[in-house]
Amino acid sequence: MKLTALQATRNYIRKREGSNLFCAVEETSVTLEPGTLTVLSGPSGSGKSTLLNMFAGLLPPSSGQILLDDTDLYHLEDRELSRLRNLHIGIIPQGQTALAAFNVQDNILMPWLLYGSRKNEAFSEKRKRAEELMEAAGILELRREMPSGLSGGEIRRMAVCRAMLQKPEIILADEPTGDLDEENTAVVMDLLKEHAASGGTVFVVTHDIQVRTYADRMLSMRKGVVTEE
Amino acid sequence: MTESLSFKNLTKRPGRALALALLCAFLCFAALAGSLFVTGLRQGLSSLETRLGADIMVVPYEATSKSRLSDMILQGNPGYFYMDSAVMDKLRSMEGVGEISAQFFLATASSSCCSAAVQIIGFDPATDFTIQPWVKHSYQGELGNMQVLVGNDLNAFPGDVLTFYGSDVTVAAKLDRTGTYLDTAVYANPETIRTLIAQAMEKKIYDFGDIDPYEVVSCVLINAADGYVTEDVLNEINIHVRKVEAVQTSALLSDVSSKLTGLSSLIGWLIAAIWILAIGILILAFVMISNERKKEFAVLRTLGASRGKLAGLIMKESLLVSCFGSLLGAALALLAVWLFGGAAENAMGLPFLLPKAGGLILLSAVSIAATILAGSLAAAVSAFRISGIDTAFILRGDDGRS
């Protein structure tokens, strides 16, 4: 699956001197291709996360379209868009996003548990998939732990596993290595790189220079404008 | 799965869940205890009206010091007064008098059944039209000499032998509860009570004066004949029969009735005030909790939860909390009424009769349903707010209201 921003813009209304209109994303046309790990870098406030959220179906563009293959995401009903996100788009949000009431394994299984049942065969397969992911991310022994007992790096690795549980065609990661040491960064990026290598579409927004070494394609963003590097 | 998610969210934060549940319990407790209290009073009054069951009560003139008569009727204070039984013949011959029956009162000094004096009421099975319809629920036989029936609150059971003024009487049956003074009384036929009055006179515990126990009655109950107005019959009696006073039973109960109306209204307003306050607090609590959980909801959105699913999650959590809270509140209300209903009855001096099992179940079900509905309405406000969150903003640490 490919994800395309077609002449997409995003404006905000803010109280600023001179003008109330703030353009976070200038008119942008960019396509995220399958089998490619695309890295978008740029300074804070340049509009990177805004663009990622637009791709994720979480933030409608002020103008233009976000297309998943030929489907305009923002023409779908919320229920359809949510289900599509659940099955086809894995999102690794910025910051700590563990669900405090659930242990590591249930956090990772959450995309399935939102719509599925614990009582059928498909669940066994999902649990197996979760175990494989946890093993690859080096957190299998932590599966019964609650998030409060984990380090920042372990929580981030858990979020990566969670995003990959449903074998989504697309993964969107917002600062997936923020605050991680070199070793944890390598673990996370290897997982994402592997996903792209297996035909997935991976889009990473980052400040981290180390991440650039994993990129198949580099984009940069300044003042809402995306450019190819 | 969202049921499990809701349950886990609640169990993970037991303090918060318990506080919400207690608020719901308080709502349900107020609704059910208040309703039971008002219903108990209404049924008590209704029961008393039924048991009095006559339009007019004729008593000796000296008994009409209102407090004495109403103390006996409403609060069950044991007492006695007598008039010549010849008055029966005079009343029976009067125009407008329909059903007519005499009753006999005697207060005991003490007995094995009871810690305090009890009222013995004698009635004539041949003419009685007030006590027997109720007695028939518990006892279908004919009451023999030196046999008695006992009210529901007395500690005596069929087959027991009680001793009043040195005479043994056998308990033939225990009567259904009425919630009135009749529950602490003992019932006998005229022969038995006359024997007991004679015994009491011999013992000289009370001052009966110069009476012949076999030629007296305590009161005469009368129903106006068809086509006659009660007030007219009452006036005729008061004008033409000496040394007695005819009292309209509805007038006797009017004070109780108006006291009850005032009390019901006060309780109604109190329940309404409690509910408005508690629902306001519930809405505020749910909104505050939802605000605190915005990040969690935003994460669920990124994982594919629709806005409807998030709203459903909040509603299910509120349902679990309000179900638990309302069941707890209902149980506490039933326990409180069961434990303290009698004390309240004594303190107020009003008849009090709790509904039977069916009524209790119905009132409990309505209170529980109303509490769950209130909890759901309160949660609906925050569910509506959460369904409109801006996930992207929240994940970036902004306010998140779209």
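This is a predicted model: local features need pLDDT of at least 70, side-chain atom pairs count only at pLDDT 80 or more; totals for chains, interfaces and linings use all residues.
1. Residues are numbered from 1 along each chain as its sequence is written, chains are lettered from A and ligands numbered from 1 in the order in which they are written, and side-chain values use heavy atoms, with hydrogens and water left out.

2. The C-alpha trace of chain A spans about 55 × 40 × 35 Å along its principal axes, and the chain holds seven helices and ten strands, where helices (H or I, at least four residues) and strands (E, at least two) are DSSP runs numbered from the N terminus.

3. In chain A, 55% of the 229 residues are buried, that is, under 20% relative accessible area with a 1.4 Å probe and protein chains only. Of the contacts in chain A with a separation of 6 or more, 70% join residues 24 or more positions apart, a contact being heavy atoms within 4.5 Å.

4. The accessible surface of chain A is about 10100 Å², with 46% of it belonging to carbon and sulfur atoms; such areas come from the Shrake-Rupley method with a 1.4 Å probe. Chain A carries 26 positive and 32 negative charges, whose mean positions are 4 Å apart; Lys and Arg count as positive and Asp and Glu as negative, without His and the chain ends, and each charge is placed at NZ of Lys, CZ of Arg, CG of Asp or CD of Glu.

5. An automatic or database domain assignment divides chain B into domain 1 (2-47 + 256-395) and domain 2 (54-249), and the centres of domain 1 of chain B and domain 2 of chain B, taken over C-alpha atoms, are separated by 48 Å.

6. Chain B contains twelve helices and eleven strands, and 52% of its 402 residues count as buried. Its 30 positive and 36 negative side chains form two sets whose centres lie 21 Å apart.

Note on methods
Buried means under 20% relative accessible area, exposed over 50%, partly exposed in between (1.4 Å probe, protein chains only).
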